[in-house]
Structures are given as C-alpha cells and as structure tokens.
Amino acid sequence: TGAGLAPLPTQRPIPVWFGAASDRAYERAGRLGDGWFPMMEPGPGLDYARAQVERAAAAAGRDVVGMEGRIGWTGDPDKAAADIAAWRAAGATHLSVNTMNAGLATVDDHLAALERVAADLT
C-alpha cells in the first residue's frame with residue numbers, strides 16, 4: 001500500500017512487455033502486450049512462438065508486437081555479431097546484451113563491453 005512511482009513516466013500508457021514460454025503466454029502477449037521477451041534462442045521454437053504471438057495479435061485486431069532478443073557477451077565480438085544477426089533475421093525489434101558471467105570485474109568493464117557491441121552495430 002505504501003508503494004508509489006515518482007516521478008511519473010512521461011509516456012502514457014506505459015508499454016507492457018511479457019515474458020512468454022507457453023502457448024497461453026504467447027496468446028496473452030499477442031492479445032495484450034506491446035512486446036514480448038522470448039525465452040529461447042532463434043530457431044524453429046522461436047518461429048513457432050512468434051507465429052503464435054502474431055496470430056493472437058491479429059485476432060485481437062492489433063499490430064504485431066515488439067520482440068526483444070537477448071545475447072550474452074562472451075568477449076568474442078564475432079560471436080556477438082553472429083548472435084545479433086540471428087536475432088535480426090528472426091524479426092527482433094529490440095535487443096538486450098547480458099554481460100554477467102563474462103568475467104568482467106568492474107562497472108567500467110561492463111560498460112566497455114556494451115559500448116563495443118553498440119559500436120559493432122553501427
């Protein structure tokens with residue numbers, strides 16, 4: 001009861017994104033969500049899930065929702081580039097980069113890894 005949100009967001013309504021890993025969740029993400037976080041890598045499982053989300057969005061009279069891919073930074077820029085390309089080909093509209101468990105020691109190390117990935121995207 002004592003929770004609040006301050007300052008209030010300037011964008012209204014706040015976009016709602018769903019994590020989804022089942023047919024029911026794919027339907028819910030497509031019907032209600034502004035985007036979804038697939039709980040898998042690109043491939044046949046993702047193709048199936050994306051079709052379910054898109055089908056539910058269309059049935060609800062909505063445009064296709066966003067999809068955020070996720071890659072793990074391992075220190076190998078070629079692997080990161082390949083992973084990004086796979087998500088791009090799969091139709092991801094957003095991408096997050098996980099630098100945890102990459103052996104990075106400081107916040108600056110994590111930021112440098114993210115800057116490296118961002119530079120490689122341009």
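In this predicted model, rings of Phe, Tyr and Trp, the last by its six-membered ring, form an aromatic pair if their centres lie within 6.5 Å.

Q: How many aromatic pairs does the structure hold?
A: The structure holds 2 aromatic pairs.

Q: Why is the pair of tryptophan 17 and phenylalanine 37 called tilted?
A: The centres of tryptophan 17 and phenylalanine 37 are 5.4 Å apart, and the angle between the planes is 40 degrees. Planes under 30 degrees apart count as stacked and those over 60 as edge-to-face, so an angle of 40 degrees falls among the rest, which are tilted.

Q: What makes this pair a tie between parts of the chain?
A: Tryptophan 17 belongs to strand 1 and phenylalanine 37 to strand 2, so the pair ties together parts that are 20 residues apart in sequence.

Q: Why do tryptophan 17 and phenylalanine 37 count as partly exposed?
A: Partly exposed covers the range between buried, under 20% relative accessible area, and exposed, over 50%. Tryptophan 17 has 24% relative accessibility and therefore counts as partly exposed. Phenylalanine 37 has 30%, so the term applies there too.

Q: Why is the pair of tyrosine 26 and tryptophan 36 called edge-to-face?
A: The planes of tyrosine 26 and tryptophan 36 are 70 degrees apart, with 5.9 Å from centre to centre. Because edge-to-face applies over 60 degrees, the pair takes that name. Tyrosine 26 lies in helix 1 and tryptophan 36 in strand 2, 10 residues apart.

Q: How do you know whether tyrosine 26 and tryptophan 36 are buried or exposed?
A: The cut-off for buried is under 20% relative accessible area. Tyrosine 26, at 5%, therefore counts as buried, and tryptophan 36, at 1%, is buried as well.

Q: Which faces do the side chains of strand 1 point to?
A: Along residues 17-20 the side chains alternate.

Q: What makes strand 1 and strand 2 a pair?
A: Two strands pair if at least two bridges are found between them. Strand 1 and strand 2 (residues 35-38) are joined by 4 bridges and run parallel, so they qualify. Alanine 20 has proline 38 as its bridge partner in strand 2. Together with helix 1 (residues 23-32), the strands make a right-handed β-α-β unit.

Q: Why is alanine 118 called partly exposed?
A: Alanine 118, in helix 4 (residues 107-121), has 40% relative accessibility, so it counts as partly exposed.

Note on methods: Residues are numbered from 1 along each chain as its sequence is written. This is a predicted model: local features need pLDDT of at least 70, side-chain atom pairs count only at pLDDT 80 or more; totals for chains, interfaces and linings use all residues. Side-chain values use heavy atoms; hydrogens and water are left out. Buried means under 20% relative accessible area, exposed over 50%, partly exposed in between (1.4 Å probe, protein chains only). Helices (H or I, at least four residues) and strands (E, at least two) are DSSP runs, numbered from the N terminus. A crossover is right-handed if, with the strands pointing away from the viewer, the path from the first strand over the helix to the second runs clockwise.
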